[in-house]
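Here is a short walk through a two-chain model, written for someone who likes to see the cut-offs spelled out. Have the viewer open and follow along.

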Amino acid sequence: MGIEQKLGNMGVATLRLEQAVNWARTNAMWPMLFGLACCAIEMMSTQASDNDLSRFGMELMRASPRQSDLMIVAGRVSRKMAPVLRRLYDQMPDPKWVIAMGDCASCGGVFNNYAIVQGVDEVVPVDVYVAGCPPRPEALIHGIITLHEKVRGETVKDWA
Amino acid sequence: MNEYINDTVQSLKDRFGLQSIEFRGDISLMVPPDKIVEVCRALRDDFGFDVLAAESAVDYWPEQTPRFHLIYQLYSMVHNQRVGLRVPLDGNAPSLPSVTGVYPNANWHEREIWDMFGVRFEGHPDLRRIIMPYDWEGHPLRKDYPLGYEEVEFTFNFDEIDGRKPYAKE
């Protein structure tokens, strides 16, 4: 994606509305600060200077769901936490996306027992699943880029 | 085992008619449920056991009856001695008196035992669940509580299990 056509020195660029909107959405997708377990350590590492999530327009982890577009569920979600997770998701303004980071968030991981939700897709709709226990920062970044590709593919029809 | 703990155990045995068990130098007294508060109070006031270091439970189902053992670990700051109390409890809805009147820190321990084992404590000021959600059914650390939650998916049964999984909608 990019600017389709430049009109000389007039300072005007033309592109489709979808592209403009998706460009804006993908380049300022602020994640919510939502670390639940050891995956959060890798998420912090992704955020930190070595891997530097701000390259993707994610300068800030927002502590408030009202200011965030992306929920990275980093860690296992207990049955007691599940209503909280859903409430936070409901408080996020549209458009919003969810990444299930790690095996526990994706499918329960090694915790196949009564206390852990067997995949957060039971609670919130998930866009991208990132495998790993915990996933390395590269894997999370790959998940984020995959999500960006998904968002870039959206059309006006999808928004309606 | 030193003299102080020997004397303590002996005098408690005489006073309440208890049995004791010793394992690798650690001594425990078997206490019937209706005497637990008296025994705790005697240990605290007369023998200097001023700390309830731990209170927990074990479920021996189905090997043993009575199926539950409540375990109290007491510690004496003054004498640097430890003693354990074991209270056997039978039945699926067991109850015994709470020791919160003697050791206030038993409050949360007893809430946890109620939550995990379903042992009721009579006279407890606030017997609610402490770990599981309030609307939870059952007591998860009982041995007859179902262990697993979800079948493991393989390629041959993936479609069948995945069809039954609840997925959240927008």
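## Ground rules

A residue is called buried if 20 or more other C-beta atoms lie within 10 Å of its own, exposed if 12 or fewer do, and partly exposed in between, with C-beta atoms placed from the backbone. Helices (H or I, at least four residues) and strands (E, at least two) are DSSP runs, numbered from the N terminus.

This is a predicted model, in which local features need pLDDT of at least 70 and side-chain atom pairs count only at pLDDT 80 or more, while totals for chains, interfaces and linings use all residues. Residues are numbered from 1 along each chain as its sequence is written, and chains are lettered from A and ligands numbered from 1 in the order in which they are written.

## Helix 2 of chain A

Start with the buried residues of helix 2 of chain A, which are Cys39(A), Glu42(A), Met43(A), Thr46(A) and Gln47(A). They sit on the same side of helix 2 of chain A, because they cover an arc of only 145° around the axis (the arc is that of the directions from the helix axis to the C-beta atoms). As background, an α-helix has 3.6 residues a turn, so residues three or four places apart point the same way.

What covers the buried residues of helix 2 of chain A? The cover includes strand 4 (70-74), strand 5 (97-101), helix 4 (102-107) and helix 5 of chain A. Contact here has its own cut-off: two residues are in contact if their C-beta atoms, placed from the backbone, lie within 7 Å.

## Where helix 2 meets helix 5

Helix 2 (residues 39-47) and helix 5 (residues 137-152) of chain A pack at an angle of about 75°, and their axes are 9 Å apart. Axes are lines fitted to C-alpha atoms, for helices over the stretch in contact, and angles run from 0 to 180 degrees between N-to-C directions. Angles under 35 degrees count as roughly parallel, over 145 as roughly antiparallel, 65 to 115 as roughly perpendicular and the rest as oblique. Helix 2 and helix 5 of chain A are therefore roughly perpendicular to each other.

On the helix 2 side of chain A, Glu42(A), Met43(A), Ser45(A) and Thr46(A) meet Pro137(A), Leu140(A) and Ile141(A) of helix 5. By class, this contact of helix 2 with helix 5 of chain A has four nonpolar, two polar and one charged residues. For those classes, Ala, Val, Leu, Ile, Met, Phe, Trp, Tyr, Cys and Pro count as nonpolar, Asp, Glu, Lys and Arg as charged, and the others, Gly among them, as polar.

## The two chains overall

Chain A has six helices and six strands, running β-β-α-β-α-β-α-β-α-β-α-α from the N terminus on. Its C-alpha atoms fill a box of roughly 65 × 35 × 25 Å along the principal axes. Of the 160 residues of chain A, 36% count as buried. Among contacts in chain A with a separation of 6 or more, 77% are between residues 24 or more positions apart.

Chain B comes to four helices and seven strands, in the pattern α-β-β-α-β-β-β-β-α-β-α along the sequence. The box for the C-alpha atoms of chain B is roughly 70 × 35 × 30 Å along the principal axes, and 22% of its 170 residues count as buried. In chain B, 50% of the contacts between residues at least 6 apart in sequence join residues at least 24 apart.

## Contact between the chains

How many residues does the contact take from chain A and from chain B? It takes 12 residues from chain A and 12 residues from chain B. By class, the side of chain A that touches chain B has four nonpolar, four polar and four charged residues.

Two cis peptide bonds are worth a look in chain B. One runs from Trp61(B) to Pro62(B), with omega near 0°, and Pro62(B) is in the loop between strand 3 (51-59) and strand 4 (68-76) of chain B. Another joins Thr65(B) and Pro66(B), with omega about -5°; Pro66(B) lies in the loop between strand 3 and strand 4 of chain B.

Asp52(A), in the loop between helix 2 and strand 4 of chain A, has a positive phi near 55° without being a glycine. Asn80(B) also has phi near 55°, and Asn80(B) is exposed, with 9 other C-beta atoms within 10 Å.
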